[in-house]
Amino acid sequence: MINMLEQYFNIKVNNKPPDIAKSVPKDELILFQNYIYTKTNIPDLYPYEHQAQAFKYIKEGHNVIMVAGTAAGKTLAVAIPIFTKLLRKEINKVMFLYPTIALLEDQQSVLLELGKLTGMEDKIGYIRGGMTRSQLISNLSKKIIVATPDAIYWFFRKNIKYNSVLIYGLCQVDEFVIDEAHIFSGLTVQNLKLFFERIEILQKKFMSKAFHIHILTATPREEIFSINHGKIINGRSKCRSVDVSFFNSSPKEKNIEYKNLIKKAIISEYKKVLVICNSAAMAHRLFFDIAGKISESENVFTPEQYLQFGRVKKSILENALRKFGVSDRTLEKLYSADMDEIRYKLEEFKEVEVQTDPQEVFNVIRDILMKYKGKVIQVLYFTFKKNLEENKDFSSPVSLKIILKNIERRSILLKKLITFILPKENYDINLEKDYFEWKEIFQDVFNILLDKLENDIDSSKIVHIHYPSLKIIDEIIGYMDPEIVEDIKKRFLEKFSFNRDSIINYKGSFPKKNNQYVYLKWLKSYFKEEYETIYSALKGVVKNDMDFCRQIDMNHIGFIENTEYPVIVYSGSMSKPSRDGLINLFDDLKKAVLISTSAVEVGIDFSADLLITEKCEASSFLQRFGRVGRSSEYACCWVLVDGGLFSDLKDEIGLKEALLREDFSKIITKIFKNRISLANSMLSESSFVLINRQLGLIGDVLNKESHILQAAINFADKIEQAQINLLYGLRGTMPSIGLKDEGVTKNVFQLLQFLPAQELEVVDSGFEMAKADTYFTSLIYEKRKYQVFVDVEKTLEEGKAVIILNKDNFDIIVGKECCLTAYKQIKQFYRSIPNLIYPVLIFGDIYLKRKILGDEEGTLEEVCDKYGEPIILPDQFCLIFPETPDIKGLESLKLSDFEEIYYDLDYKGRSPNGHDMVLLDNIQGACLALYKKLLSSK
């Protein structure tokens, strides 16, 4: 086999550093210098010229657009003058918007530090999805609000009690900042424009004021500039020159090539090596392939680093500290104290009283009822499945008597529950209905039960739970059969957990958990006033006892085999607590390898001597490229490029030995390119019309005075009449599957290729369709087990509406089998007109099927969770191309280039029948926009 890495070429990329400003507004300069001093201990430094320009323009009341790469100080450029204006009371409220939660969390350090310096640390609020109304009001009252647009849209989607509060709070904002705005594109930019237009109308109409918008972006794009039409400031990065090597790569050997380049980097004695992969699975797989145990020759971690990242079993820590003279009385606090992370169960105590949020109680009981529901639906499914053996189908009626008999075989308790909650009109044992009718009835009665439960729990009061009596359960569901109540209590004890802070009036000793890991960074909360003694002892242990050090688990940290190079993995597929501090560790170590993903492309302030990465979108690559040359005098970048792109780059660069960074960026943009965006969608505009209507008279004003929404009002009326439930997400509306890692979700089609039904559980959420009982790292070596398809037949049968383009207007057809009828009609066209590309656009629940990979004769089965509850994509728009004879004809439309469209490249987007192409919305409105684009071009 040819070693592809032997084929490479080099180019030097030179950078002209930014000019230092000579003239800076006084107040802004003072705050800037105070901030920089906290980071560098160097007094009297001056900002860059582009930062000083931003200070001046924002002070004068202009909108600003700053275009600059990494290490240009964009966030500081707008935050300094805005905080100064707050101090001078020229403005009252500001909002910082970030595209993602991860970016928000990484960037908030700048705002927190400025808050400390200006005495406004307690004036910073955060808007996150899932907040209670009181939490939302509290955070909206702050002077500085930090949020993602998706979080704001979460509240728009709720109901009027949230919308009115949110709209009022947003109308108080004087200045908005959109950070890393280049991540927004196409339909998300359109949604931002609509969002800001709403606030503009309300402020002008009711408050006689106007707000400013400031945009920070790494790459210039006209669609972003149109949001605020601000003064454009072109900033320069402080990065130094970088030597770039492009290697001719093989896609099949990517993992081996990464490992070879890392080995080459270590031999070449690069100190800080950053490896960025396109996928989290690749990054973690690479980490586990090269990471070993702690180095035996020397201890490269300081006690402080062990304290921050290490964890060890309590029994091991206890024995080690005892050897260094720590008394048994002190060590007892390892077990008598506790932290927020440690969770207790009620049954671990003889008697205890805890306080908790009523939502927590509701969530646990809801999950119990959802499990009951899942078991009932599973029994229902298998009841009708028997009909298939008798040459019947799921539309053949079955009596309630037979269903109850099968439920009773599974559980007498479940039969009692169904008997209790079924309404009288449906409780006739001789009543016959088909599977779909019974399923709808059972789903409805459980939903009614959940609604009653939520109404019965007083969300305004803290709930007290007494154990062992559990009176609170009796108070909430005491109207049910006593046997059901007792079963719910039993399950409640299994599921409900709490931390030490929740306990009231408990004086007994806490349960010992010898084998439980203790995170060393939390030792202070265990030992409090004796912590210095413990720290001193631990320092001695770490210094003198390598056996103890080897028993410390440094999560996501290891050593490259046979070297003293620490290796760290950091990706967006890790939970926020797992990621915390890892970048700082990489920065602090004398030498290290950091393996990551696009999670480090924006917002995180660190540098490397060498970047090893692969071909990706142009904007993404340029962000990665900005990670090298930020501090070291000599920096390199090694890029794996496969296919014809290697030749294209070589031809474009030619015989040049050096390029300016701007010229290099132009070449990368030309060769690597970016994905295409859909400019607008009538559906996005219509969703804003409908959101506004929830606001009553104020909403009527918004719809009447909006310049953008006028054309959408007619279509919004049709959506309302058709009872279509729109999802008001900004950056993504296809629900995902959540993993056990805190806050980590993954694409439905991606995860369903790996996970068996036993690991899945349906959830009732607008953002997640299921929860997986697995961690991300347990999947990285898993091979695909299943092929996952859209069940076109079932999706069409259950479809709720068909959308048809009639000249320039959209019509909506609803009714039983409307989707199936439209599909069949278009199918007739395909038979009469060869190579026709004509889709049907439907709305409804998307049903899924899968089969074992490689089993060509295998049976296709409905995708269900562990209780037999079908896993579906609810309320989605879907484009189906019936009987598509020529896959290449469709691929010529470059469907996979549209980032707002979900298109299954692995299985060509086909349904299990092998003939239909299926496209879904990644962002709501994409299918409608593409549908119009395709038909308008004919």
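Two rings of Phe, Tyr or Trp count as a pair if their centres lie within 6.5 Å. With that rule in hand, look at this predicted model. Ring pairs join Tyr-344, Phe-349, Phe-492, Phe-496 and Phe-498 into a cluster. The structure as a whole holds 31 aromatic pairs.

How do we describe such a pair? A pair of aromatic rings is described by the distance of the centres and the angle of the planes.

Start with Phe-247 and Trp-638. Their centres are 6.2 Å apart, and the angle between their planes is 75°. Planes over 60 degrees apart count as edge-to-face, so Phe-247 and Trp-638 form an edge-to-face pair. Now find them along the chain. Phe-247 sits in strand 9, residues 242-249, and Trp-638 in strand 24, residues 636-642. This pair links distant parts of the chain, 391 residues apart.

Next, turn to Phe-625 and Phe-664. Their ring centres lie 5.0 Å apart and their planes meet at 40°, so this pair is tilted. Phe-625 belongs to helix 27 (residues 618-625), and Phe-664 belongs to helix 29 (residues 661-672). The pair therefore ties together parts that are 39 residues apart in sequence. Both Phe-625 and Phe-664 are buried.

Lys-231 lies over the face of Tyr-57, 5.2 Å from the ring centre. Over the ring of Tyr-565 sits the charged end of Lys-591, at 5.0 Å from the centre.

How values were computed. Residues numbered from 1 in each chain as written. Predicted model: local features only at pLDDT ≥ 70, side-chain atom pairs only at ≥ 80, totals over all residues. Heavy atoms only, no water. Phe/Tyr/Trp six-rings, centres within 6.5 Å; stacked < 30°, edge-to-face > 60°. Helix = DSSP H or I, 4+ residues; strand = E, 2+ residues; numbered from the N terminus. Buried < 20%, exposed > 50% of the residue type's maximum accessible area, 1.4 Å probe, protein only. Lys NZ or Arg CZ within 6 Å of the ring centre and 35° of its normal.
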